[in-house]
Amino acid sequence: MDCLFCGIIAGKIPSKKIYEDAATVAFLDINPANPGHALVVPKKHAENLFDADDESLKAAVIVAKKVATLVKERTGCEGVNVLQNNGKAAGQIVSHVHFHVIPRKQGDTVVISYPRKQTDEKELDAMAATLTKKRSAALDEEILREMGRL
Ligand code: 5GP
Ligand code: ZN
C-alpha cells in the first residue's frame, strides 16, 4: 500500500517523531501552522474516522492529550486546537487518519474559521429529528425541502 504516513510509521520516510507507543505515533507536521504543530497517527492504517477501529481512535485521542500537554508545557503556548479532517471536502489531504495538535497564542496568524449561521427552533428540531429518528427517505426529503436545503 502506498501510504505516506504508513511509510513514516515504518521508518521508511523520515519524520521528527516526538512520541511512540504500541498503537500510536506522533511527529511534527512538515508545514506547521505554528511551531510545535504535531500529527497524532494510529499505526494501524485506516483512511479516516469512519474506517478506523474504536481501539485505534481511543488510543490516538489519549495520545493527542499527552502531546497537547507536552506541547503546551514546552512551547509555552496559551491554547491548543485538536483537529481532525475526514474527506477532501473537509480538507483531508493525507488519507491515513490523524489528529492535528496545534499550539495557539492569542493574536497568532492561524485562522480556523467557520461561519456561525442563523437558525431557528424549527430548523434545529427538524435536524435533531433527522439525526435521531428512524424515518423514510421520503420524509427526510420533505423535511430538508421545508428547511430550504433541497
Ligand atoms: P490533512 O489536511 O490531511 O488533515 O493534513 C495532513 C498534514 O500532513 C498537513 O498538515 C501536512 O503539512 C502534513 N504532511 C504532509 N506531508 C507530510 C510529510 O511528508 N511529513 C510530515 N511530517 N507531515 C506531512
Ligand atoms: Zn497508512
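Mentor: Let's start at the metal and then move on to the cores and the other ligand. Bear in mind that this is a predicted model, where local features need pLDDT of at least 70, side-chain atom pairs count only at pLDDT 80 or more, and totals for chains, interfaces and linings use all residues. Residues are numbered from 1 along each chain as its sequence is written, chains are lettered from A and ligands numbered from 1 in the order in which they are written, and side-chain values use heavy atoms, with hydrogens and water left out.

The zinc ion (ligand 2) is held by Cys-3 (SG), Cys-6 (SG), His-45 (ND1) and His-96 (ND1), at 2.0 to 2.3 Å. Donors here are N, O and S atoms within 2.8 Å of the metal (3.2 Å for Na, K and Ca); water is not among the atoms, so sites may look incomplete. The angles among the four donor atoms run from 101 to 117°, and the site is tetrahedral, a label given to four donors if all angles lie between 85 and 135 degrees. For reference, the ideal angle for four tetrahedral donors is 109.5 degrees.

Along the chain, the donors follow the spacing C-x2-C-x38-H-x50-H. Cys-3 sits in the segment before α1 (4-9) and His-45 in the loop between β3 (38-42) and α2 (54-75), 42 residues apart, so the pair links distant parts of the chain. Helices (H or I, at least four residues) and strands (E, at least two) are DSSP runs, numbered from the N terminus. Cys-3 is buried, at 11% relative accessible area, while His-45 is partly exposed at 29%; buried means under 20%, exposed over 50%, and partly exposed in between (1.4 Å probe, protein chains only).

Now the packing. The largest nonpolar core has 16 residues, and Val-40, Val-67 and Phe-99 are among those with the most contacts inside it. Such a core is a set of buried Ala, Val, Leu, Ile, Met, Phe, Trp, Tyr and Cys residues joined through side-chain atoms within 4.5 Å. The largest share, seven residues, comes from α2. A second, separate core of nine residues includes Ile-8, Ile-9, Phe-27 and Val-94.

As for ligand 1, an oxygen atom of it is 2.8 Å from a polar backbone atom of Gly-91. A polar side-chain atom of His-98 lies 2.7 Å from an oxygen atom of ligand 1, and an N or O atom in the side chain of His-100 is 2.8 Å from one.

Definitions and conventions:
Four donors count as tetrahedral if all angles lie between 85 and 135 degrees; four count as square planar and six as octahedral if opposite donors are over 155 degrees apart and all others between 65 and 115; anything else is irregular. A polar contact is a pair of N or O atoms within 3.5 Å; within protein, one must be able to donate a hydrogen and the other to accept it, and residues adjacent in sequence count only if both atoms are side-chain atoms.
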